[in-house]
Amino acid sequence: MRHSMALILLVLVGCGSSTPPAEEPKTETQAEAATETKTETADAPKAEEEPKGIPEACAGDDKAACVMPKGFVKRLCNGVHPELALYLFQKGSPWRRAYVSAKEVAPFNGLGGPSAEEKLTLDEELLVLSQMKADTGGMQVSGATGSVDVLRWDGTCATLSTEEVRFQAPSKPKHAVIPWRILEDATQEALKQNEALAKVATERKKECKGATMGAVSAKCEKADKALNDLVVDAVRTGTTVPKPAKVP
């Protein structure tokens with residue numbers, strides 16, 4: 001009996017200590033496939049990042065629309081950038097001009113940033129930033145309209161329906177009020193290379209006497225308007241505006 005029990009124990013111990021079968025070596029074809037998979041993963045192209053800074057050319061495939069990169073538009077419309085507006089509005093810039101076709105439009109910024117207090121009025125000149133077509137699910141819907149995000153001369157953004165803008169320039173395009181007083185010194189000095197503008201800037205400083213808010217004299221208002229018109233005229237006719245120090 002003792003011999004039988006001992007024999008059973010030996011059999012059990014032998015079974016418990018048996019080593020698992022060795023893994024079959026990979027064939028040459030399997031090894032090559034694994035190596036190729038690792039190489040493809042390592043060499044997979046990363047998502048192309050949008051370059052920072054001021055864009056110099058149209059984004060996307062539709063060059064006729066000439067919109068700006070989405071990331072730049074979002075950053076731009078998150079704040080107010082009057083110097084950058086003057087830089088982008090320069091003569092010869094590739095950006096598409098648009099003009100308000102409605103009598104009056106509320107200055108709504110659909111990208112979530114600040115809006116100007118001044119309403120957009122008929123024939124105001126704008127720069128097209130981005131366009132959004134109406135989503136009709138592929139159906140033709142009467143009255144459906146898209147939207148256009150635009151930049152104004154004062155450095156603020158606005159969102160209008162496509163029915164509120166046109167792309168044919170009027171005989172006398174208008175512009176938003178440019179905040180001359182807060183423009184960077186480098187921008188002011190560059191614009192003052194225009195003699196007529198420099199003269200009116202001096203007159204404005206004298207008449208307005210540093211006024212920043214509240215009621216101002218009629219002479220101050222007149223000088224301010226004259227200076228605004230001269231700034232726009234200078235930029236439109238080729239006066240070079242430097243890149244602003246602060247870029248969104």
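The S-S bond of Cys 77 and Cys 157 has a torsion of about -80°, so this disulfide (a pair of cysteine sulfur atoms within 2.5 Å) is left-handed. Cys 77 sits in the loop between H3 and H4 and Cys 157 in strand S6 (residues 157–161), so the pair ties together parts that are 80 residues apart in sequence. Helices (H or I, at least four residues) and strands (E, at least two) are DSSP runs, numbered from the N terminus.

Keep in mind that this is a predicted model, where local features need pLDDT of at least 70 and side-chain atom pairs count only at pLDDT 80 or more, while totals for chains, interfaces and linings use all residues. Residues are numbered from 1 along each chain as its sequence is written, and side-chain values use heavy atoms, with hydrogens and water left out.

**Disulfides**

- The count of disulfides comes to 3, and with the bonded cysteines of the protein chain numbered in sequence order, they pair up as 1-2, 3-4, 5-6.
- In the link from Cys 77 to Cys 157, the S to S distance is 2.1 Å. Both Cys 77 and Cys 157 are buried; here buried means under 20% relative accessible area, exposed over 50%, and partly exposed in between (1.4 Å probe, protein chains only).
- Cys 58 is joined to Cys 66, S to S 2.0 Å. The torsion about their S-S bond is about -80°, so this disulfide is left-handed.
- Cys 66 counts as buried because its relative accessibility is 3%.
- Cys 208 is joined to Cys 220, S to S 2.0 Å. This link has 100° about the S-S bond and is right-handed. Cys 208 belongs to helix H6 and Cys 220 to helix H7, 12 residues apart.
- Cys 208 is buried at 6% relative accessibility, and Cys 220 is buried with a relative accessible area of 5%.

**Helix H7**

- Helix H7 (residues 218–236) has 19 residues, so at 1.5 Å a residue it should span 27 Å; its end C-alpha atoms are 27 Å apart, which agrees. The expected span is 1.5 Å times one less than the number of residues.
- The buried residues in H7 are Cys 220, Ala 223, Leu 227, Asn 228, Val 231, Val 232, Ala 234 and Val 235.
- Their cover includes helix H4 (82–88), helix H5 (185–191) and helix H6 (195–208).
- After H7 comes Gly 238, with a positive phi near 120°.

**Nonpolar cores**

- A nonpolar core is a set of buried Ala, Val, Leu, Ile, Met, Phe, Trp, Tyr and Cys residues joined through side-chain atoms within 4.5 Å. The largest one has 32 residues, and those with the most contacts inside it are Leu 86, Leu 88, Leu 129, Leu 151, Trp 180, Leu 191 and Val 231.
- Helix H3 (70–76), H4, strand S4 (125–132), H6 and H7 are the elements that give two or more residues to this core.
- A second, separate core of 13 residues includes Val 67, Ala 98, Val 105 and Val 128.
- Leu 151 has contacts (heavy atoms within 4.5 Å) beyond its neighbours within four places in sequence, among them Leu 76, Ala 85, Leu 88, Phe 89 and Cys 157.

**Aromatic rings**

- Rings of Phe, Tyr and Trp (its six-membered ring) pair if their centres lie within 6.5 Å; planes under 30 degrees apart count as stacked, over 60 as edge-to-face and the rest as tilted. The whole structure holds 1 such aromatic pair.
- That pair is Phe 89 and Trp 153, stacked because the ring centres are 4.2 Å apart and the planes are at 15°.
- Phe 89 lies in the loop between H4 and strand S1 (97–100), and Trp 153 in the loop between strand S5 (147–151) and S6, so the pair ties together parts that are 64 residues apart in sequence.
- Phe 89 is buried with a relative accessible area of 2%, and Trp 153 is buried with 0%.
- Arg 96 lies over the face of Phe 167, at 3.6 Å from the ring centre. The rule for a charge over a ring is NZ of Lys or CZ of Arg within 6 Å of the ring centre and within 35 degrees of the ring normal.

- Most residues other than glycine have a negative phi.
- Cys 66 has a positive phi near 50°, and its place is in the loop between helix H2 (28–43) and H3.
- Asp 123 has a positive phi near 75°, in the loop between strand S3 (120–121) and S4. Asp 123 counts as buried, at 16% relative accessibility.
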